[in-house]
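Good morning, and thank you for coming.

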Amino acid sequence: MSVQTIRNVFSVETGYRLSDDQIVNHFPNHYELTRKDLMVKNIKRYRKELEKEGSPLAEKDENGKYIYLDFVPVTFMLPADYNLFVEEFRKNPSSTWIMKPCGKAQGKGIFLINKLSQIKKWSRDSKTSSFVSQSSKEAYVISLYINNPLLIGGKKFDLRLYVLVSTYRPLRCYMYKLGFCRFCTVKYTPSTSELDNMFVHLTNVAIQKHGDDYNHIHGGKWTVSNLRLYLESTRGKEVTNKLFDEIHWIIVQSLKAVAPVMNNDKHCFECYGYDIIIDDKLKPWLIEVNASPSLTSSTANDRILKYNLINDTLNIAVPNGEIPDCKWNKSPPKEVLGNYEVLYDEEMAQSDGPDRDLRSRSGQSTGVKGNRARDSGKPVLTTWK
Amino acid sequence: VSLHKPEIKLESLKEDIKAFLKTSGWEKKLQNAVYSELNVFPSPCHPAAPPEHMKEPLAYMRKAQGSWEKRILKSLNSMCTELSVPLAQKRPVNEQKELLNKWNEMGTDEPDLSLFRPVYAPKDFLEVLMNLRNPNYENGEQPSFRNHLGLIQVPLKVKDIPELKEDFSELGLNIGQLGIDDSAQVPPEFFENEHVRVGQKVLAEQDSAAAQQYVRQGCPTALRADLWALILNISNQPEDILYYEQLKSNVIQHDLLVDSLIYKDVKLTASNDDYYFVFEDYLYQVLLCFSRDTSVLEHFTYSSATPPKSYIRGKLGVEEYAVFYPPNGVIPFHGFSMYVAPLCFLYHEPSKLYQIFREMYVRFFFRLHSISSHPSGIVSLCLLFETLLQTHLPQLFYHLREIGAQPLRISFKWMVRAFSGYLATDQLLLLWDRILGYNSLEILAVLAAAVFAFRAVNLMEVTSLAAAEAVLADLSTLKVMPLLQIFLFATVT
């Protein structure tokens with residue numbers, strides 16, 4: 001079901017009610033996570049809350065940066081936060097920022113700026129802001145551009161990971177083992193002259209597909225296991241494990257951030273496409289979460305992956321191929337997980353102590369994390385395992 | 001630590017020097033260097049033997065290699081004439097500047113390569129090998145089960161399974177292996193943790209011989225790059241980096257015809273590979289320099305091949321104007337770039353990547369495309385493969401032969417490329433661990449036979465060469481070590 005249809009299904013006006021045997025593939029207000037501005041807002045709120053309750057997770061370092069929860073690049077809403085943005089921009093005038101329209105996908109409408117003049121239109125006091133429309137379509141987020149991405153073979157890439165959420169309260173989510181890296185077809189260069197060349201900077205396949213070098217056999221994609229092999233071989237096992245642990249951590253934290261505001265309708269499940277960029281210090285950054293990750297295929301391998309993804313997702317959401325019943329306990333047996341692994345199970349985490357270890361080993365798997373109980377003792381990221 | 005001290009006495013000088021070498025680590029480096037030479041160079045032959053014997057003792061093999069080389073050179077020269085492209089020319093200054101700017105992204109270049117063809121492909125080479133005959137060997141009988149039914153018809157000695165079991169004893173069933181005993185179901189305490197610990201110790205000791213022994217059981221991914229460098233005795237000293245930079249400037253200044261062959265090969269093979277496309281640019285940076293590296297000429301003393309000679313224009317036959325072409329004497333063929341591609345997973349620094357590849361080439365890869373009687377040469381590997389198959393899977397062998405699908409026709413390309421591009425990268429690296437560990441390519445033939453054994457049931461049902469190819473088209477899901485172990489140690493002979 002598409003997001004438009006979901007909007008109709010859950011809209012107050014239509015008065016439509018899902019019956020017990022109907023399950024849908026979106027949460028009614030998924031946009032709390034999947035709209036760029038709302039995601040950032042929720043994460044900021046979540047961090048402040050943790051800080052207020054004195055949780056060790058919200059600990060900050062000497063520079064005032066969150067130690068464990070700094071995983072979204074500095075972001076502002078435009079035009080609302082324009083002045084705050086200008087303040088931040090002036091601290092680092094040589095930095096590059098990326099402008100993204102809140103409501104669009106597939107890389108549409110994105111551009112990079114490195115001068116304030118390039119976004120004059122969004123200034124609140126601007127005389128040219130005659131289109132100051134508060135309609136969500138015109139709203140943009142502006143984020144600090146990660147200009148030191150990890151490069152492999154000189155090329156920039158991002159990670160697309162699939163995460164299935166069957167319920168938000170208690171939080172139960174699964175990570176698909178077969179995520180992939182999307183490489184830019186053109187060599188990455190941070191030079192300012194290339195700012196306008198979208199093929200260098202954006203890794204969306206939709207954009208790369210039209211570049212001259214796009215290859216239809218591999219589609220510029222690498223499996224996550226290739227990434228792991230490369231990193232282990234060139235950087236070592238410990239830092240690679242730490243990277244993947246951090247990736248799992250930021251996914252779970254982002255879900256926890258929106259869990260309180262999510263309409264946890266029992267008819268719903270959702271498979272998100274997480275976009276993550278790794279910088280050259282091997283720190284992962286959450287760029288965005290997609291509610292309708294592309295299920296079209298650009299290569300033969302891709303078609304197999306997406307087919308299996310849909311298959312495994314449905315097996316978890318509605319096991320045994322039986323008529324769905326939204327009242328079931330949403331605990332699928334292990335056998336139906338397919339290529340999914342349990343990422344976080346709040347119920348299980350709270351029932352067992354912090355000693356419970358659900359780690360699944362082997363260098364090629366994504367690893368399984370089990371027990372970040374909300375008020376547990378000081379979390380050391382590498383003991384996620 | 002220095003010997004330049006007044007306390008040094010003449011009487012104890014010899015001991016002092018020995019002690020100094022030990023403490024400064026130079027003794028180990030010398031040992032490693034000597035060990036390296038022992039691995040690479042053949043044992044000295046009879047003092048009266050002429051130098052050709054060090055290249056290749058059998059006359060008919062030398063002759064065959066010579067004819068093959070003539071053919072390749074003829075093909076290269078005719079392409080040259082057809083396309084009116086010189087073998088080599090100096091680049092104009094503006095082109096030099098452009099290339100220097102684009103050095104890290106040569107993959108984005110799209111020169112028109114449609115008229116260039118690879119000089120030869122593995123299957124052309126196979127035809128030559130099939131026609132090899134020993135003129136001193138009279139095999140009057142018709143081929144039967146007593147003789148060899150395969151494509152290779154020369155009487156070279158190859159090992160049988162009992163001998164292979166002995167040679168590859170570390171792959172035995174009761175010895176831990178990476179690629180088997182590190183799988184998800186096996187607790188790491190059983191083998192993996194200890195093996196990693198030993199590996200770290202070997203690296204700390206910087207002992208080549210110990211490393212070579214160690215990698216027979218596989219390299220932990222995090223240690224592999226360093227272990228291979230240790231075995232190949234590559235330390236990436238400043239003079240090595242300088243040498244690489246010198247080669248790079250040679251590339252900038254002169255354009256060679258083989259450059260186009262290299263571009264074409266990379267575009268046809270590695271650029272389309274799921275694993276290696278990312279490293280396309282590194283491949284140019286390595287292979288273009290490789291073509292110009294005259295130090296590679298040294299390996300021709302122990303290779304059956306001879307570098308092609310060319311003459312400066314207008315001075316045909318005049319020895320003072322003879323040059324080797326390409327400068328390193330190696331003419332690339334279709335798939336050559338796949339020798340370099342897997343190494344990109346281990347080394348991201350171009351000069352180190354370059355040295356590792358060069359050493360791998362002059363130790364191992366050159367044997368896969370030259371005609372010789374060496375046990376790791378491609379001819380012996382083919383014969384080993386066919387013999388293993390015929391001896392241990394006679395029914396399968398006979399069936400495939402009957403339907404016109406000689407097994408070697410399918411496995412040849414795997415062995416020529418050392419399985420690069422056919423196996424998943426992590427499996428390939430486990431295989432190459434053993435090549436380094438045993439200093440031999442025989443494992444390629446054993447693996448090829450093991451793959452056939454693994455898919456024997458399906459192969460027995462096919463009725464054409466095309467169908468047989470289809471059964472064996474996709475090796476990317478195979479796990480190399482279990483296949484080898486089962487074939488060598490768990491098959492009833």
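How many residues does the contact take from chain B, and how many from chain A? Chain B contributes 31 residues to the contact, and chain A contributes 25 residues. Please keep in mind throughout that this is a predicted model.

Let me turn to the area of this interface. The size of an interface is often given as the accessible area lost when the parts come together. Between chain B and chain A, about 2,400 Å² is buried, with carbon and sulfur atoms giving 54% of that area. On the side of chain B, the residues that lose the most area to chain A are B:Phe277, B:Val278 and B:Phe345, and together they account for 25% of what that side buries.

One salt bridge is counted between chain B and chain A. The partners are A:Lys155 and B:Asp281, whose closest N and O atoms are 3.6 Å apart.

Which helices of chain B each supply at least two residues of the side that touches chain A? They are helix H10 (221-231), helix H13 (280-291) and helix H18 (425-438). By residue class, the side of chain B that touches chain A divides into 15 nonpolar, eight polar and eight charged residues.

I now move on to the cysteines. Over all chains, the structure holds zero disulfides. B:Cys289 is in no disulfide, and the nearest cysteine sulfur, in B:Cys344, is 13 Å away.

Finally, I would draw your attention to B:Ser303. Where is this residue found? B:Ser303 sits in the loop between H13 and strand S3 (309-311) of chain B. Is B:Ser303 buried or exposed? With a relative accessibility of 1%, B:Ser303 counts as buried. A polar atom of the side chain of B:Ser303 lies 3.0 Å from the backbone nitrogen of B:Ala305. Beyond its neighbours within four places in sequence, B:Ser303 is in contact with B:Lys55, B:Phe366 and B:Ser370.

Thank you for your attention.

Definitions and conventions
Residues are numbered from 1 along each chain as its sequence is written. Chains are lettered from A and ligands numbered from 1 in the order in which they are written. This is a predicted model: local features need pLDDT of at least 70, side-chain atom pairs count only at pLDDT 80 or more; totals for chains, interfaces and linings use all residues. Side-chain values use heavy atoms; hydrogens and water are left out. Contact means heavy atoms within 4.5 Å. Buried area is the accessible area (1.4 Å probe) that two parts lose on being put together, summed over both. A salt bridge is a side-chain nitrogen of Lys or Arg within 4 Å of a carboxyl oxygen of Asp or Glu. Helices (H or I, at least four residues) and strands (E, at least two) are DSSP runs, numbered from the N terminus. Ala, Val, Leu, Ile, Met, Phe, Trp, Tyr, Cys and Pro count as nonpolar, Asp, Glu, Lys and Arg as charged, and the others, Gly among them, as polar. A disulfide is a pair of cysteine sulfur atoms within 2.5 Å. Buried means under 20% relative accessible area, exposed over 50%, partly exposed in between (1.4 Å probe, protein chains only). A polar contact is a pair of N or O atoms within 3.5 Å; within protein, one must be able to donate a hydrogen and the other to accept it, and residues adjacent in sequence count only if both atoms are side-chain atoms.
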